[in-house]
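Here is a short note to read alongside the structure.

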Amino acid sequence: MTLNRRSFLARSAAASAVLAAPTLLKAQPAEYVFGASLPLTGPFATAGQLVAPAFAMAQRLINEEGGIGGVPIRFVTEDSGYIPQNALANYQRALATEGDALVAYFGDSTGFMKLVAPELKGDQARLMGSTSFASELANPEVNPYQYLAGPSYEDQFDILLQNIANQGGSTVAFIFSNTEFGRDPIEHGKKRAEELGLKVVLEESTKPQGADIPTHVTKLAQSGAEYCLLQGYVTGVWPQLIGGARQFGLPTKFMGTFWGMEKIIADRVTEQAGPFLDGYQGVMPYRYFYDRADAPRYETFAALSKEMFVGTPLENYMPTWTIQTMCAIEIAVRALRDTAEKGLELTADNTAESLNAISDWDMGGYFGGPVSVEGGKIGTGRVYTYGAENGLFTPSSDWFNV
Amino acid sequence: MINGNLKATYAADEQVLNNAYKRAFVYGMALLCAALPFVANDYIILVAAQMGIILIAVVGVNVVIGYTGLLSLGHAAFIAIGAYSIPILHTLFASLGVPEGIMPFLAIPLAVAISALVGIVVGLPSLRVKGLYLAVATLSANFIVIFLIELDAMAPYTGGFNGINTPEANLLGWQLDTQREMFALIAALAFVTILGVQNLFRTRVGRAFIAIRERDYSAEVLGISLLRYKLLSFAISAACCGLAGALFAYFYARILPEQFELVLSLQLVAALIVGGMGRTMGPVFGVIIVVMVPELLKYSFGIIAGGSADVAALRAPVQEIVFGALIIIFLMFEPLGITQIVDRGFRSLNRWPFARG
Amino acid sequence: MGQFVQFTLNGLLAGTIYALIAVGIVSVYKATRVVNFAHGYMIMFGAYFYYTFAVLLPGLELMPSWLAKWEPDWLIAARENAPMFSPMGAVLDWVSNLPRIIFGITGAVIACAILGRMIERMLMRPMIGQSSFAMIMITVGLISVLSGAKGLIWTADAAFVPHIAPNAPVRFELFGNPVFLFGADLANAAIAVILFTAIVLWVRYSKGGVAIRATAEDQQTAYSMGISVPAVFGRAWVLAAATGAIAGAILATRNGVSPSLGLFGFSVLAIVLMGGLDSYVGVFIAALMVGFLEAMAQWQLGGEWAEVVPYIAVLIVILIRPHGLLGQKEVERI
């Protein structure tokens, strides 16, 4: 019998459960609960609906691997409509009904994570991951219980700006949605651009959806920017902006961050409106799902997807958004297991401590190599370029560490 | 109106709680609210506290829409003003060296006063325009207030887009750091607000409001200054919303501008329509429905869905449709709201077995 | 200066679309004395109907393939010669999309007209004779119902819809500065202006239009002169819904299909009050003014400012002229 990481984990979890049983018996519930709010409706419904199946898969996978110290875990997902207040209500409701069994929570937006941050204290606190890469969240001193499953948006801007400087660019425009998500890295990005000797010729905020595309495109055309960084969009606006600029014959090179880098959306745009996303670049902390060469974890997901999601878009391809959620779940579960192994109660303080102690962990292919949680985030990523011909994002830089 | 409610003295007629049902209901509710923090679980406390906050605001909206007959679709702006006043005033007090234990005693009245002042400004168009124009003017005011809060130039005070952390209430050293303690404060103030507003309509001012609602020109002919009373009505209703906002800020640890957008204004008006306009109990019934229906939907969808995201995704649209349908159905079939239904019930109870209906 | 011309043109082009949306609100108000707060959400439905008929349905297997993409031999040959992203390419793209554009517009107009008719029959007609507060609040309730219904019918968000006109870029130099315009925007503005004029002329000169104006003047008298007032109401709602569908389709091509299109209704409501509820001309002027001011705000102050421009403008105008720029003062009898 081979001892691989997975079976080792399962067995050590079981063993620790046996060993620690007497001390834990009082505090341990029959099952743990991992709550989540997702934007199943509202402006980012497409993303929420693609992410939701990740929880079903995670529940099966983690419980097959022995749960948390032998105790099974149950995932509860609720809809937030991308409204921070709804997500907060969901969280408070989960706290009130599940009590101590609730060991971790997954938030759905930058707005929610900021809204909930000051509420997380004493017995109201839980370990909390999210879809957001907001820079403010990666600050263990202020927000000890929140973490990012990748680099912050500011880091992603750094990577892109560095890449532009390396290519010899000189002018750059920032177009962002008028939301917390969109505004997050802009101030930092301006400073960074200045340091690199890049001139920011346009800062344009747009509506997060239904933006006035012709006006924004004419503004971009007037600014004459060589590069344009897009931030704060998921499914809409950014493809239309690029489409408008291409129809105009603007030579501007467009770049995006994590949420604007999904293959499903890029393919849909190519299919419906033509190949104008060709050459679109952006930063991505993870490998794409089709890049499975040395990613054993992705292989596991692929096998499970084939079985669990027959007939859905997820059957053969796992979107980056889903990958991010899986990654956040795995980090939280690792922290929970580490805590359980130490024989400690799964309080927010204990689990947050375990989380920040994660170092040099081979996650099985999400990232370029073994990763560590430093400052509440995992600072790694690389630049990819979209090819409209083959519909793939291919790496165009090495892994950056920030 | 409840029949068989005989009064033998003027004193009895002038009572606020002038019949047995009202007395029973008010004392019963007071008992329930007093007992709730000791017996209820966290979830019930959470929902009850939210209800209390919205209730105070809807009581305010009732003054301007229900009693004075001025249609306003922008009252969420006043809640925003009240809520944002709290952290700003606390920072100000801290710099002045005011002890923390008395800050809420100063901050809450000031927040209420600021909201009332803004209410007067927003109410100004009501002097020149009526009905629909006023609805759009207040709706515009709502958009503008949110815009000002989000403005970058205001960010040092309001936190701009990112929202701002709010302080905890500290009443003379009693730190209200749990929702249970906050609920006690909210419930107490909600009672005070309802009784205060109810009492208002036994005075000259309240009757002037009602006269304006019935026919403003006639009221003017009778010697009621439209200028003074319309603005006063806006000020009182804005003050109630300001109080609700202040409690909102103390109850949650952080506030965001988007919490006070048009949706909230519409929710307040919807609660009023469903409950019954121009009636004391209207806001109470309305808020119970408007807060409980989404909770019930959430609960029933939770049972049906059993964790399935596909079913869970249907909840929000269904909730929206139910919300709109409530407004439409009540306007079409019971424009006087739930209070009317309740009255009808009590009436037939009183007459039974001699007559029906 | 060139920048100024650029943003003025942007603003005026956007203003014509506002005017097209506003015409629906004014028509309903003229006939029925109800201001439709939910008009923006009817436009959103128009946009989703256009998406359904122009993208979703032609994509189905049972539909003929020429509906989704019409590619006769001469078109393929011409396209091979035209470079990608050239004006010629844009026109050829448009030609091959033409069948589904026509199908989409027709479908959207019919579906929206049915929706408008249903709202009128089920919600408005039973309320004839009730207070205007109740009728307005019913349209407010309708906002939630429509937005929820959208969530049930079209669950996830939509992507691209074909442009109604070829989207070739138009650029020229003015005072030494380049000016950029989208071909589709010019065509959209032309469509909006033509429709607006047609409706104004129809209301002024046709029999049906005269009936609407007579009803607006005095319902009782109109009744006694043999005008079927309920029919007038129905006609006004259908007219509003049909123009709303076209406005929705235009907005969908400009800004993408999303629920946020409903919010246009509120800013257009502000424009309507600014122009004067019962004056087509006043509303047209107000729409162009707001479009222009929004573009100026966009240019000088940034996107956030543009969003509040209509609301600030309407407050100022109402305080100075309570019945809008060209609105008729209501005479009240006590």
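What share of the contacts in chain A with a separation of 6 or more is between residues 24 or more positions apart?

1. The share is 71%: that part of the contacts in chain A with a separation of 6 or more is accounted for by residues 24 or more positions apart. Please keep in mind that this is a predicted model.

2. Chain A has 13 helices and 12 strands as its secondary structure. Its radius of gyration is 21 Å, and the globule rule gives 21 Å for 402 residues, so chain A is as compact as a globular protein of that length. Taken along the principal axes, the box filled by the C-alpha atoms of chain A is roughly 70 × 45 × 35 Å.

3. On burial, 59% of the 402 residues of chain A count as buried. A residue counts as buried here if 20 or more other C-beta atoms lie within 10 Å of its own.

4. Chain A is divided into two parts, and each is written as a pair of sequence ranges: domain 1 is 5–151 + 293–371, and domain 2 is 153–284 + 382–401. Between the C-alpha centres of domain 1 and domain 2 of chain A there are 30 Å.

5. Where the domains of chain A touch, 18 residues of domain 1 are in contact with 19 residues of domain 2. On the domain 1 side, the elements that give two or more residues are helix H2 (45–64), helix H4 (110–116) and helix H12 (320–341) of chain A. H4(A) gives the most to this side, with three residues.

6. What kinds of residue make up the side of domain 1 of chain A that touches domain 2 of chain A? The residues of that side divide into nine nonpolar, eight polar and one charged.

7. Turning to the other chain, chain B has 16 helices and four strands. The radius of gyration of chain B is 21 Å, close to the 21 Å from the globule rule for 357 residues, so chain B is as compact as a globular protein of that length. The C-alpha trace of chain B spans about 65 × 60 × 40 Å along its principal axes.

8. In chain B, buried residues make up 48% of the 357 residues. How many of the contacts in chain B between residues at least 6 apart in sequence join residues at least 24 apart? For chain B that figure is 77%.

Methods
Residues are numbered from 1 along each chain as its sequence is written. Chains are lettered from A and ligands numbered from 1 in the order in which they are written. This is a predicted model: local features need pLDDT of at least 70, side-chain atom pairs count only at pLDDT 80 or more; totals for chains, interfaces and linings use all residues. The radius of gyration is taken over C-alpha atoms; the globule rule is 2.2 Å times the number of residues to the power 0.38. A residue is buried if 20 or more other C-beta atoms lie within 10 Å of its own, exposed if 12 or fewer, and partly exposed in between; C-beta atoms are placed from the backbone. Two residues are in contact if their C-beta atoms, placed from the backbone, lie within 7 Å. Domain bounds come from an automatic or database domain assignment. Ala, Val, Leu, Ile, Met, Phe, Trp, Tyr, Cys and Pro count as nonpolar, Asp, Glu, Lys and Arg as charged, and the others, Gly among them, as polar.
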